[in-house]
Amino acid sequence: MSSGVPESSSRVAVSVDWHAQGVQHGHLIAPHSRNESPWGSLLIPVSVFRNGDGPTVLLTGGNHGDEYEGPVTLLKLIRGLELEQMRGTVIVIPALNYPAVEAGTRLSPVDGKNMNRIFPGRADGTLTEVIADYLQRFLLPLCDVVLDMHSGGRVMSFTPTTVIHELADAGRMARTRAAAAAFAAPYCLVLRELDSVGMLDSAVEGMGRLFISTELGGAGATTVETLRIAGNGVHDLLVHLGVLQGDPVGTGSTRFVHAPEEAYVMAERGGLFEIVVEPGTEVEAGAVLGRIHDLERPTDDPLDCRARIGGVVMHRHWSGHVSRGDCVSVIARDWGR
Ligand code: CA
């Protein structure tokens with residue numbers, strides 16, 4: 001499907017043919033003129049596996065550069081995916097915000113932009129905006145399903161969860177829910193309201209396509225457990241979508257939860273952060289989840305960060321330092337409909 005705009009109107013060139021049969025490994029190529037490389041380009045690796053007719057699935061990691069389950073899992077997938085075992089098309093971009101992944105930072109070090117807050121991007125914008133614009137106008141319209149793999153980054157850590165949005169379209173909601181169940185992370189966080197302006201999520205869902213995200217761990221690292229969930233999840237999602245032959249390999253099931261507005265616990269001042277409750281724990285309303293200590297007032301009691309509702313702790317602030325306004329915890333309740 002084409003948006004009707006010639007691809008030449010994007011400054012991004014592509015060294016693969018999105019429609020060709022077989023396996024291709026190439027790049028999205030964006031002009032990146034800078035002091036060290038006046039005629040330089042940014043090369044973002046992309047792999048395309050196409051075997052006949054079937055759904056087109058886009059798998060992205062590294063939308064934020066300090067979240068590692070996505071890039072590691074997708075690099076493993078690129079080396080392991082066998083064309084004979086699949087039908088349809090799998091497009092893999094392990095490091096969507098490549099400069100950010102290289103630097104290990106959430107935002108691009110080139111232009112300071114957050115890839116997940118700038119969709120639909122700008123054809124005449126900064127490097128991150130130009131890449132988003134290419135996806136918005138040329139790549140996303142080719143895709144039936146998009147999985148964008150996130151984790152908590154350096155200062156957050158999640159109990160492993162998929163993330164989907166509550167959708168008005170009941171049929172698409174059911175398909176999205178089924179896809180998240182197939183991924184089989186321990187939790188699926190269903191977001192009812194979201195500051196979603198500029199997110200890849202909104203770009204894909206605005207086109208009526210199926211979108212799933214994840215928050216698989218965090219703390220600026222992977223764990224054996226989060227990588228297992230990520231690897232099995234991608235495999236089993238592709239099996240569920242009919243793209244990959246074979247049986248599911250995951251053994252877990254998913255608990256669907258949601259986080260109302262009062263689920264988010266913010267730090268009311270900065271200081272040293274003491275964790276009290278780890279993610280995955282059930283708590284009552286009023287439970288102390290963490291404490292903030294003030295180095296300058298050693299005799300003062302620490303400030304308690306309390307749950308405003310009961311439920312399961314989805315996330316914790318990871319860093320030992322906390323700033324006023326940081327989200328230190330999120331509580332989720334069972335989601336039923
Ligand atoms: Ca993220």
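Colleague: Where is His32 found?

Modeller: In this predicted model, His32 is in the loop between β2 and β3.

Colleague: Is His32 buried or exposed there?

Modeller: His32 counts as buried, because its relative accessibility is 14% and the cut-off for buried is under 20%.

Colleague: What is His32 in contact with, leaving aside neighbours within four places in sequence?

Modeller: His32 is in contact with Ser37, Gly40, Ser41, Leu42, Val110 and Leu127. Val110 is 78 residues apart from His32 along the chain, with 9.2 Å between the C-alpha atoms.

Colleague: How far apart are the end C-alpha atoms of α3?

Modeller: They are 17 Å apart.

Colleague: Switching to β4. What does Thr60 touch, not counting residues up to four places away?

Modeller: Thr60, which lies in strand β4, touches Leu74, Ile93, Leu147, Asp148, Met149 and Leu200. With 0% relative accessibility, Thr60 counts as buried. Thr60 and Leu96 are 36 residues apart in sequence, and their C-alpha atoms are 6.4 Å apart in space.

Colleague: Now helix packing. At what angle do α4 and α6 pack?

Modeller: Helix α4 (residues 170-183) and helix α6 (residues 224-240) pack at about 135 degrees, with axes 7 Å apart. That angle makes α4 oblique to α6, and the crossing of the two is right-handed.

Colleague: Which residues make the contact?

Modeller: From α4 there are Ala178, Ala179, Ala182 and Phe183, and from α6 there are Ile229, Ala230, Gly233, Val234, Asp236, Leu237 and His240. By class, the contact of α4 with α6 has eight nonpolar, two polar and one charged residues.

Colleague: And how do α1 and α6 pack?

Modeller: Helix α1 (residues 69-80) and α6 pack at about 55 degrees, with their axes 10 Å apart. That makes α1 oblique to α6, and the crossing of α1 and α6 is right-handed. On the α1 side, the contact is made by Glu69, Val72, Thr73 and Leu77. On the α6 side, Thr226, Leu227, Ala230, Gly231, Val234 and Leu238 take part. The residues of the contact of α1 with α6 divide into six nonpolar, three polar and one charged.

Colleague: Backbone next. Which residues does a cis peptide bond join?

Modeller: Phe119 and Pro120, with omega about 10 degrees. Pro120 lies in the loop between α2 and α3.

Colleague: What about phi of Ala184?

Modeller: Ala184 has a positive phi of about 60 degrees although it is not a glycine. Ala184 lies in the loop between α4 and β9 and is buried, with a relative accessible area of 17%.

Colleague: And phi of Ala219?

Modeller: Phi of Ala219 is also positive, near 65 degrees, in a residue other than glycine. Ala219 lies in the loop between β10 and α6 and is partly exposed, with a relative accessible area of 23%.

Key:
Residues numbered from 1 in each chain as written. Predicted model: local features only at pLDDT ≥ 70, side-chain atom pairs only at ≥ 80, totals over all residues. Heavy atoms only, no water. Axes fitted to C-alpha atoms, helices over the stretch in contact; angles between N-to-C directions. Helix = DSSP H or I, 4+ residues; strand = E, 2+ residues; numbered from the N terminus. Parallel < 35°, antiparallel > 145°, perpendicular 65-115°, else oblique. Left-handed = near helix turned anticlockwise from the far one by under 90°. Contact = heavy atoms within 4.5 Å. Nonpolar A, V, L, I, M, F, W, Y, C, P; charged D, E, K, R; others polar. Expected span 1.5 Å × (residues − 1). Buried < 20%, exposed > 50% of the residue type's maximum accessible area, 1.4 Å probe, protein only.
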